[in-house]
Amino acid sequence: MKTAEILKSLREKNNLTQDQMADRVMVSRQAVSRWETGETQPNVDTLKILSKVFDVSINTLLGSPRQLICQCCGMPLEDQIIGRNEDGSLNEDYCKWCYADGTYTYSDMDDLIDVCVPNMVKEGFSEEQARVYLKQTLPKLDYWKRYEELGDGGQFEEFKKKLIGEINDLHIEGMPRVEKLNALVGKFVNLEYRLPSGMAVKFLDDQTTYLGTQLESEIAEGLCFGVLANMDFILISTYEAEGVNPELILYKKR
């Protein structure tokens, strides 16, 4: 689709008139009309506003002229998995797992490789093929080439270590010690827990990236512990394979 068609489609999908859309992006109705007829296109600054208003990438607004690739892990990017800056805007250079709310989540390439390999094995790679490919590919990506410039000097790693210490100090019966926390997107780990009242609730935001891990229970075969945390809370649950029968064990504000 062309930009004109995309803008009209987004406006109509969101039930906006041309006047309402113009108000949201601070232009005249005539400007919106000219975009939709293809007479003109939004400038760079207006594209950024449109991206935020409609929660789509600038690449999508322009008709997807290029394939976006995460410049940390190499994953092909679609709008749903693009990372976000601190102000909530999309950062089209990274996925949600590698960059969340203005923070880079990986400072050790080997840690990232360990996370990526199982996913590549599911896609048909052997473990050896996956590791060779990642070791050849990752150093060529912008984040790793510019790590000294983009990195935070280890601050995020120190935060993770502190968080791991807090989780292990809880001494949850049957749960192994946490050694690592990885970036996990809420949509994929947002289980629904049933409260004593019978009400079912979810505690996470599907669009937010958290730190977490999965651990096999030391005392109950087939049972897993799910650990999720961020700056504000620690959540620990148990569940069976594929997240069946989830039970909330602990929710602690930090």
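Is aspartate 114 buried, partly exposed or exposed, and at what relative accessibility? Aspartate 114 counts as partly exposed, at 33% relative accessibility, where buried means under 20% relative accessible area, exposed over 50%, and partly exposed in between (1.4 Å probe, protein chains only). The model is predicted: local features need pLDDT of at least 70, side-chain atom pairs count only at pLDDT 80 or more, and totals for chains, interfaces and linings use all residues. Residues are numbered from 1 along each chain as its sequence is written, and side-chain values use heavy atoms, with hydrogens and water left out.

**View 1. The protein chain as a whole.** The protein chain has eleven helices and eleven strands; helices (H or I, at least four residues) and strands (E, at least two) are DSSP runs, numbered from the N terminus. Its C-alpha trace spans about 65 × 50 × 35 Å along the principal axes. Of the 254 residues, 42% are buried.

**View 2. Salt bridge between aspartate 111 and lysine 180.** The closest N and O atoms of aspartate 111 and lysine 180 are 3.0 Å apart, a salt bridge being a side-chain nitrogen of Lys or Arg within 4 Å of a carboxyl oxygen of Asp or Glu. This pair links distant parts of the chain, 69 residues apart: aspartate 111 belongs to helix H6 (residues 109-122), and lysine 180 to the loop between helix H10 (155-168) and strand S5 (182-185). Aspartate 111 is partly exposed at 23%, as is lysine 180 at 42%.

**View 3. Salt bridge between arginine 131 and aspartate 114.** In this pair the closest N and O atoms lie 3.1 Å apart. Arginine 131 sits in helix H7 (residues 127-137) and aspartate 114 in helix H6, 17 residues apart. Arginine 131 has a relative accessible area of 26% and is partly exposed.

**View 4. Salt bridge between aspartate 142 and arginine 146.** Here the closest N and O atoms are 2.8 Å apart. Both partners are partly exposed, aspartate 142 at 24% and arginine 146 at 30%. Elsewhere, salt bridges that share partners join Asp111, Asp114, Glu127, Arg131 and Lys180 into one network.

**View 5. Two loop residues with positive phi.** Asparagine 15, although not a glycine, has a positive phi of about 55°. This residue is found in the loop between helix H1 (3-13) and helix H2 (18-25) and is exposed, at 68%. Glutamate 242, likewise not a glycine, has a positive phi of about 65°. Its place is the loop between strand S10 (233-239) and strand S11 (247-253), where glutamate 242 is exposed at 81%.
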